[in-house]
Structure formats: structure tokens, C-alpha cells
Amino acid sequence: MPAGVTAVVKFGSSVLAGQEGYRRVAAHVRDEVARGRRVIAVVSAMGNTTEALLSAARAVANEPRDALVAALLATGEEASVALLRIALADVGVPSAGFTASQLCVRTRGALRDADPVAVDTRRICAAFACADVIVVPGFVGVDVTGEPSLLGRGGSDLTALFLGHAVGAAEVRLVKDVDGVFPGDPRCERGLVPLRTVSWDRVRDIGGGVVQDKALRFAARHRLGFRVAAMGGRGTWVGDPMPPY
């Protein structure tokens, strides 16, 4: 990868809950670029878009084909790519963007719960030649047979970790609506503070689904550390050893 590529940052549906979310994310990414970073921004669909599209599919067919459902849901992520690029342009940050078919994260397995196996990193390198920010869709891929595919619920986490590993990013950060991994449920227990660092396996025990389980298994298998944090927060380092913040 070209010099300066340092961060893969994932922004989930809870962060992109509405139009204002894109403006906040654009300002956050602008600040990252101002610090000399190049950013691959992985985005989920806005808010409850995925559930709304799933409901629409079920309303028009009793058993919609998996590949057609994947193609439908991909439109939510691709709209999110476009919206973030519009917001970035508004704050003076030029960006490049990919659709699912252009980025072409190759997958294997069930079309609604696939595993990523390959991606053409040369396309990412080429895009960085003209922009400091690349916006890509999470959650979606293309099966090795050419059919659209999904990485399972919460699959944008897996997209970010997979891309971070593929490009050798210095940092992978999953931006959530909570500032890290907590030792319990912060909605039910007052006074909890996020853990500073935690192992991949421990997150699966206590994380309450804050990170997709498949993504955690991928990170553990490849010894890939990453950070879970709210936008602008310190959050929790997942993995070992913990780098300087």
C-alpha cells in the first residue's frame, strides 16, 4: 500500500442513524486526514434501512432467493457510500468510492452468511492516488460464482477487519454508539466504564454482541488487533499487545 495509509475505520448503522450522522462522520474523517492519515471508511446502511429492505423483500415474495436479497440489501450500503462522499465533499475532503461489485470482496459459503476470502488491493492503491479517503460498503460481497453475497448480521465489522488485514493497515477501528467494550451491560448497570484492553476471546464472553462473532474469530485467527470506540472516544483495544494510543 502507498505511504500514509494508516486507518480502516468502520461506521455502523447506529452511528449513521440519520442524515446528521453523515455530517458528523465527515467531520471526524476530515480531522483524521488533517492529522496526515489516509482512511478507508467502511460504512453500513443508514439506520434501519436493512430491516426495511428485508421487510419489503418478504412482502413481495414468500421465499426470496438469497442472491436477490443480497443484491437488494447492497443498495442500502451503496447509498450510504454516496451519502458519506457527499458529506465529505461538503467539508472539503475529496474521496473515492466503490460499489460492492467494484470493490469485489470475494466470498465463499452461504450467500446470506458468507466468509470473505479475497480482495483486489491494487484497486485500493490506485484510488489512493487521487484521494486521501476511500469509502466502501460493508456487509456485502460477491460470491466466487459471481452472485451477490452478505457477510451475516453485523458483517460490516468483518469487512473492516478483513480489509485492514488485506492492506496491512496500521489501525482498524470499529466506531460504535458505545465507547468500547464493557465488563457488563452499561444499559443495566450504572457506573460501568469501558475496558482499556481485552482479548479476542474475552470479548465474545462479555461483549454483548458489540462486535460480530465471525469478525472476532477472524481477528483472533490472524492475530489482528483493533479498537472499538465511539466517535472521538478512546474505547477498548481488542487483542494483544496494545499499541500506544
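Is glutamate 171 buried or exposed? Glutamate 171 counts as buried, at 15% relative accessibility; buried means under 20% relative accessible area, exposed over 50%, and partly exposed in between (1.4 Å probe, protein chains only).

This is a predicted model, in which local features need pLDDT of at least 70 and side-chain atom pairs count only at pLDDT 80 or more, while totals for chains, interfaces and linings use all residues. Residues are numbered from 1 along each chain as its sequence is written, and side-chain values use heavy atoms, with hydrogens and water left out.

A salt bridge is a side-chain nitrogen of Lys or Arg within 4 Å of a carboxyl oxygen of Asp or Glu. Glutamate 171 is in strand E9 and arginine 37 in the loop between H1 and strand E2 (38-43), so the contact joins parts 134 residues apart in sequence. Helices (H or I, at least four residues) and strands (E, at least two) are DSSP runs, numbered from the N terminus. Arginine 37 is partly exposed, at 25% relative accessibility.

Next, select glutamate 32 and arginine 173, a salt bridge whose closest N and O atoms are 3.1 Å apart. Glutamate 32 belongs to helix H1 (residues 19-34) and arginine 173 to strand E9 (residues 171-176), 141 residues apart. Glutamate 32 is buried at 2% relative accessible area, and arginine 173 is buried at 7%.

Now show Arg35 as well: Glu32, Arg35, Arg37, Glu171 and Arg173 are linked in a salt-bridge network.

Finally, go to lysine 10 and aspartate 157, whose side chains meet in a salt bridge (2.9 Å, N to O). Both residues are buried.
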